[in-house]
Structure formats: C-alpha cells, structure tokens
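Subject: Structure handover

Hello,

Here is the structure I promised you. Please open it next to this email and follow along.

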Amino acid sequence: MLKRLHLSIRQLRDTALPTDDSTLIDKERRKRLRFPLNTELRYQVCGRGRGESDRGTGQVRDIGSRGLAFLADRPIEPGWRLSVSMAWPARLDNQCMLRLGFEGVVLRTHGSLVVLTIERPEFRTAGKITPAAREEIAAMTSGIGALYPT
C-alpha cells in the first residue's frame, strides 16, 4: 500500500526550477537552457577549401539559443569555424520539412563531442513529404539494394 505524503506547496522544492547559485553543488556553466534533440547534422569547415575532408556529419545531442552540442564523425579542433545544416523536428504547416542553417565557432571538444556557438541562424525549407515522394524514395532504395547485395 502506498503512503501519501502530505506537504504544503511551500515545503516542496522543485529541483527543475532555477535555484540560487550558492545552493548548487555542481554549477552549470551555461546561462541559457539547452534542449535535448536527436537529429542528423552536416557541417563544413569554413575557410579551408572545398575538399571532402573538410566536410562531415554528426548527431545532435542538445541545442540552446546560442549553442549546440553534437557528436562528430571525425576529429574537430577548438577554434574552427563551421557552417552547419541540421534537420529541424518541426514542419512548416505540418507538411514542409525544415533545416536550420548557421555558422559557429567550436568552443570545446571532448572525444567526438563538439560544442559550438550558433551565429546567424536561419530556417530553410527542405521540401514536402508526400505519399508519392515516399513511394519514389522506397523504389529508389529497393533498387539500390538490388545493385549492391549484402
């Protein structure tokens, strides 16, 4: 049998709400909220030519109004400027996919985890998903599978 705990609202402490810095044991460096996000990302190192080694992909971990953390497919150095394009989870008019594009400077890395700034963000349309488009993509992928059996 479960016991009910009777406490007044004033006795409860919601740890999800911001607290005074002096009461935090492990202080957070970020001044803005970060939101977990699991989506793909493409990047290009700015100012280093157009070689294949200057481009890469990654998986977004979290995003805030001025920063992004992602797992990169190759080593990236702090201080590099990246041009980034990532899938956005919301759709325009519930139909048109969106991509968020921006530039940013790599602040720090830890293994494959990269943290960078978000500068000059802009949303771009990435096309509508229609039943006909889904069928066309499915047909193309099944054709590729026939060409390259595993």
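Below are the notes on strand pairing, aromatic pairs, salt bridges and backbone angles.

First, the ground rules. This is a predicted model, in which local features need pLDDT of at least 70, side-chain atom pairs count only at pLDDT 80 or more, and totals for chains, interfaces and linings use all residues. Residues are numbered from 1 along each chain as its sequence is written, and side-chain values use heavy atoms, with hydrogens and water left out.

Strand pairing

Strands here are DSSP runs of E with at least two residues, numbered from the N terminus. Two strands pair if DSSP finds at least two bridges between them.

Start with β3, residues 55-64. Strand β1 (residues 34-36) pairs with β3 in the antiparallel sense, over three bridges. In this pairing, Pro-36 stands opposite Asp-62 of β3. β2 also runs antiparallel to β3, and five bridges join them. Here Tyr-43 faces Gly-56 in β3. β3 and β4 are antiparallel too, with five bridges. Ile-63 sits opposite Leu-68 in β4. These two strands, β3 and β4, form a hairpin with two residues between them.

Aromatic pairs

Rings of Phe, Tyr and Trp (its six-membered ring) pair if their centres lie within 6.5 Å; planes under 30 degrees apart are stacked, over 60 edge-to-face, and the rest tilted. The count by this rule is two aromatic pairs.

One is Tyr-43 with Phe-70. The pair is tilted, at 5.8 Å centre to centre and 50 degrees between the planes. Tyr-43 lies in strand β2 (residues 40-45) and Phe-70 in strand β4 (residues 67-72). The two residues are 27 residues apart, so this pair links distant parts of the chain.

How accessible are they? For accessibility, buried means under 20% relative accessible area, exposed means over 50%, and partly exposed is in between (1.4 Å probe, protein chains only). Tyr-43 is buried at 4%. Phe-70 is buried as well, at 0%.

Trp-88 and Phe-123 make an edge-to-face pair. Their centres are 5.1 Å apart and the angle between the planes is 75 degrees. Trp-88 is in strand β5 (residues 81-92) and Phe-123 is in strand β8 (residues 119-128), so the pair ties together parts 35 residues apart in sequence. Trp-88 is partly exposed, with 27% relative accessibility. Phe-123 is partly exposed at 48%.

Salt bridges

A salt bridge is a side-chain nitrogen of Lys or Arg within 4 Å of a carboxyl oxygen of Asp or Glu. That gives seven salt bridges.

Asp-62 belongs to strand β3 and Arg-34 to strand β1, so the pair ties together parts 28 residues apart in sequence. Asp-62 is buried, at 17% relative accessible area. This is the Asp-62 that stands opposite Pro-36.

Glu-119 is partly exposed at 23%. Arg-81 is partly exposed at 29%.

Arg-120 lies in strand β8 and Glu-103 in strand β6, so parts 17 residues apart in sequence are tied together. Glu-103 is partly exposed, with 25% relative accessibility. Arg-120 counts as exposed, at 59%.

Which residues are linked in a network of salt bridges? Arg-81, Glu-103, Glu-119 and Arg-120 are.

Backbone angles

Most residues other than glycine have a negative phi. Arg-120 has a positive phi of about 50 degrees, although it is not a glycine. Asp-93 is not a glycine either, and its phi is positive at about 55 degrees. Where is Asp-93 found? Asp-93 is in the loop between β5 and β6 (96-110). Asp-93 is exposed, with 65% relative accessibility.

When you open the model, begin with Arg-120. This residue has the positive phi, lies in strand β8 and takes part in the salt-bridge network.

Best wishes

Conventions
Helices (H or I, at least four residues) and strands (E, at least two) are DSSP runs, numbered from the N terminus.
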